[in-house]
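Here is a short report on one protein model. Look at the structure first, then read on.

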Amino acid sequence: MALERTASEKVYITACKKLAVLPISSFIKHLQLPNISLIHRCLGHLDVKAIAAALTVNVSVSKLNLSDNVMSSGGAKDLSEMLQDNYYITHLDISKNKIGDKGVSALATAVFQSHTLEHLNLASNNFSDLMAAQLARAVVRSPCLTYLNLNNNQLGDKACTALGYCLTENCSLISINLSWNCFQWQGATILADGVKNNVRLKTFDLSWNGIGDKGMAAFSSVLKVNRVLKHLNLMNNHIGDQGAQLLASALFENETLCTLHIGLNPMGTAGGHRVCTSILCNESTSLQEVDFQGIALDSNLLENLHLKHPGLRMTSHEI
C-alpha cells in the first residue's frame, strides 16, 4: 500500500506537471529531512521553480544546496519568493548559478525580510558592484544572517562603500568571504574600517585580491584595536616587504587573532622573518595557525617559534 504523500510532495508533483519538468526522485525522498543537496544537476529555471513551490509549504528542510546549476535570475526570483513565506530554511547555497544582477536584486529582498536565513552562499554568480551594494544594504537590515559568501564575482572598489557600511552596522554577521574579487587598496581601506568597528565578525576572507601594502596598512590598524576577529585570510594580495613590516607591528600587539593566512605574497624571506619575529616576541598571542605558503623562512626561526609557542602550526618553505 502506497504511503500518503506529504503536502510539499503533492505541491511539487503538481508543479512539475504544470511546468512540464521531470520530478527529481532524490528531492522527493529528502523533503522530510533537514538537508537537501542538488548540486551539479543542470537544474534550470523551471526545475527550481517547482522546487521553490514545494518548499513554500515545507516545514522539514533547513539546509538547501543548489550549487553549480543553471537556474539564472528566474530561479533566484522564485527562491526569493519562497524564502519570504518559508520560516524553516536557515542555509541556502546557490553558488555557481550565474543569477546576475536581477537574481541578486530579488534575493536582497528576501535577505532583509527573512527571520531565519543564517547562511547565504552567492559565490560565482556574475553580478555587478551596484547589486553587491544593494545586497549589502539588505544585509544591514538582516536580523539573523551570520555567514555571507560573495567569492569570485569580480567585485571592485565601487562596491566597498556599501560593504564597509554593512560591516560597520550589521550586528549578526560572523563570517564573510570576499575572496577572488578585484578589490584594490582604496576599497580595502573602506572594508578595513568596517571590520575595525564590527563587534561580532570573527572570520574575514579577502584572499586573492590586490590590496597591496596600502591595504595591509589598513588591516594592520584593524589588528591593533579589534578584539573580536579570530580568522583573517589575506593570501595572494600583492603585499610586499613594507606591508609585512606593518603586519609585524600589529601582530606584536594583537592578542586575539587565531588564524592568519598571508602566503603567496611577495614579501620575501625578509618580510616573513619580520612577521615571525613579531609573533615570537608577543607573549600573549593567540595565534594557532599561520600560513606562509610560498614564502621561504629560516628553519632556526621556525624552531624557536615552535619552542616558544608549541601549539602554533606554520606552513612555509624552510631554508
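## Overall picture

Among contacts (heavy atoms within 4.5 Å) in the protein between residues at least 6 apart in sequence, 81% join residues at least 24 apart. This is a predicted model: local features need pLDDT of at least 70, side-chain atom pairs count only at pLDDT 80 or more, and totals for chains, interfaces and linings use all residues. Residues are numbered from 1 along each chain as its sequence is written, and side-chain values use heavy atoms, with hydrogens and water left out.

The protein has twelve helices and eleven strands. Both are DSSP runs, numbered from the N terminus: helices are H or I with at least four residues, strands are E with at least two. The C-alpha atoms fill a box of roughly 70 × 40 × 30 Å along the principal axes. Of the 319 residues, 55% count as buried, meaning under 20% relative accessible area with a 1.4 Å probe, protein chains only.

## Two helix pairs

Two packed helices are described by the angle between their axes and the distance between the axes. Axes are lines fitted to C-alpha atoms, for helices over the stretch in contact, and angles run from 0 to 180 degrees between N-to-C directions.

| Helix pair | Axes come within | Crossing angle |
|---|---|---|
| α4 (residues 72–85) and α5 (residues 100–113) | 8 Å | roughly 10° |
| α10 (residues 241–253) and α11 (residues 268–281) | 8 Å | roughly 5° |

α10 is therefore roughly parallel to α11, a term for angles under 35 degrees. On the α10 side, the contact includes L247, L251 and F252; on the α11 side, it includes V275 and I279. The residues of this contact divide into nine nonpolar, three polar and two charged. Here Ala, Val, Leu, Ile, Met, Phe, Trp, Tyr, Cys and Pro count as nonpolar, Asp, Glu, Lys and Arg as charged, and the others, Gly among them, as polar.

α4 and α5 are also roughly parallel to each other. Among the residues in contact are S73, K77 and L83 of α4, and K102, L107 and Q113 of α5. This contact has five nonpolar, six polar and two charged residues.

## A residue in a loop

Where is N254 found? N254 sits in the loop between α10 and β9 (259–261). Is N254 buried or exposed? N254 is buried, with a relative accessible area of 3%. A polar atom of its side chain lies 2.9 Å from the backbone oxygen of L223. Not counting residues up to four places away in sequence, N254 touches L223, N226, N282 and T285.

Methods
Parallel < 35°, antiparallel > 145°, perpendicular 65-115°, else oblique. Buried < 20%, exposed > 50% of the residue type's maximum accessible area, 1.4 Å probe, protein only. Polar contact = N/O pair within 3.5 Å; in protein donor to acceptor, adjacent residues only side chain to side chain.
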